[in-house]
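User: I am new to this structure and would like to learn how to read its features. Could we take them one at a time?

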Amino acid sequence: MHINDIDTPAVLIDLDRVEANLKRAQDYADAHDLSLRPHVKTHKLPEMAQKQVALGAIGITCQKIGEAAAMADGGLTDIFLPYNILGTSKLDRLVDLHTRVTLSVTADSAHTIAGYAARFSAADPLNVLVECDTGAGRCGVQTLEETVALARQIRDAPGLTFGGLMTYPPKGNIDKADAWLHKAKAALESAGFPPKVISSGGTPDMYRAGEGTATTEYRPGTYIYSDRMQVAFGVGTLDDCALTVKATVVSRPKVDRAVIDSGSKALAADAVPAPYKGHGHLVEYPDAVITSLSEEHAVVDLSACMDKPLIGDTVRVIPNHACVVTNLFDTVYLVRGDTVEREVEITSRGHLQ
């Protein structure tokens, strides 16, 4: 099957670029003595996770139980859920997942830890890491005292094991986050329970991760596909972007305006940092700008283009944010060059619980 035979809108994954991106990251992690635990939110495909593990990743990261269960169904056996799991239903599902895979979770409150402790036993304890806020302003303990107190609560619960620390620092904040983590590590060592793992993450700082000397494990996600946002952050170039959305020009109402059949339900609406503009990069028309998205349409400004597409022409769009696009489609096409190897189901698409 040729890519020209694929109807639009559709997601195409360039396997040559995927494999190059995976190798680059694993080589970096190996060179800096970091365990790689990729986040599967970007691809949501067990076979991609298996590629990551085959190259040397120690396991995977999932954000939700449903996503993790789909990965377990796909043969993944070591899963980290860096999320506060709350409520009877979710804890029931967590217990079930724990019987199937090697599982770790996080907590940033006594309430969350108490919920875990009530459901797990010393015969098969749950590994729990304390989440630390190192500047992102999202979840995470705020002080060293809280860190030690929660670690102690985990250690003292018969059904739990204290696994270490986890953080998701903001982009460009490695030095500050590393200083915080070193202090937390020292505080825990003084209290008598040193962290076995200190886990950090984020593709934007993937190739600076070795500067974080407290970190033992790194959790990049977007690196497998890359996208326009990562290019804007300086993580590679557009030639590294493996995911594109194939779209068709459905209207040319003015000489300098085109409309394609991939709107907000096919392309991420995320903004991208300057100097980039618009809602994606048209590979065939690099000077075009996607100026707006409605649900089923994207409006493209062609005024800077010498050559312009005609109605019925197809284009490939590198989205601003690949992870969101993955969750908008049921399937993707795996391609090498212009040849389609196969269409695969995105098994954990929509698993938000």
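User: Which residues in the largest nonpolar core touch the most other members?

Analyst: Keep in mind that this is a predicted model. A nonpolar core is made of buried nonpolar residues joined through their side chains. Here the largest such core has 45 residues, and I13, M48 and Y225 touch the most other members.

User: Which element gives the most to this core?

Analyst: Helix 1 does, with six residues. Other elements that each supply at least two residues include strand 1, strand 10 (243–254), strand 11, strand 14 (298–301) and helix 9 (322–326). Another core, of 42 residues, lies apart from this one, and V105, I113, L150 and A184 are among its members.

User: How do I read a pocket, and what is the volume of the largest pocket?

Analyst: A pocket is an open space with protein on both sides, and its lining is the set of residues with an atom within 4 Å of a point in it. The largest pocket here holds about 380 Å³ of space. It is lined by 22 residues, of which K41, Y168, G202, T203 and T222 are the closest to its centre. By class, this lining has eight nonpolar, eight polar and six charged residues.

User: Which residues line the second largest pocket?

Analyst: Among them are K41, K44, Q63, K64, E67, H321 and H351. The volume of this second pocket is about 260 Å³, and its lining has three nonpolar, four polar and four charged residues.

User: K44 is in that lining. What is its phi?

Analyst: K44 is not a glycine, yet its phi is positive, at about 55°. K44 sits in the loop between strand 2 (35–36) and helix 2 (46–55).

User: Why does K44 count as buried?

Analyst: Buried means under 20% relative accessible area. K44 counts as buried because its relative accessibility is 7%. S226 has 5% relative accessibility, so it counts as buried.

User: Where is the peptide bond cis?

Analyst: P9 is in the segment before strand 1 (10–14). The bond from A274 to P275 is also cis, with omega near 10°. P275 belongs to the loop between strand 11 (257–260) and strand 12 (281–282).

Note on methods: Residues numbered from 1 in each chain as written. Predicted model: local features only at pLDDT ≥ 70, side-chain atom pairs only at ≥ 80, totals over all residues. Heavy atoms only, no water. Helix = DSSP H or I, 4+ residues; strand = E, 2+ residues; numbered from the N terminus. Buried < 20%, exposed > 50% of the residue type's maximum accessible area, 1.4 Å probe, protein only. Core = buried A, V, L, I, M, F, W, Y, C linked by side-chain atoms within 4.5 Å. 1 Å grid on protein atoms, 1.4 Å probe; cavity = no way out; pocket = protein on both sides within 12 Å on 5 of 7 lines; lining within 4 Å. Points joined across faces, edges and corners; volume = space filled by probe spheres on them. Nonpolar A, V, L, I, M, F, W, Y, C, P; charged D, E, K, R; others polar.
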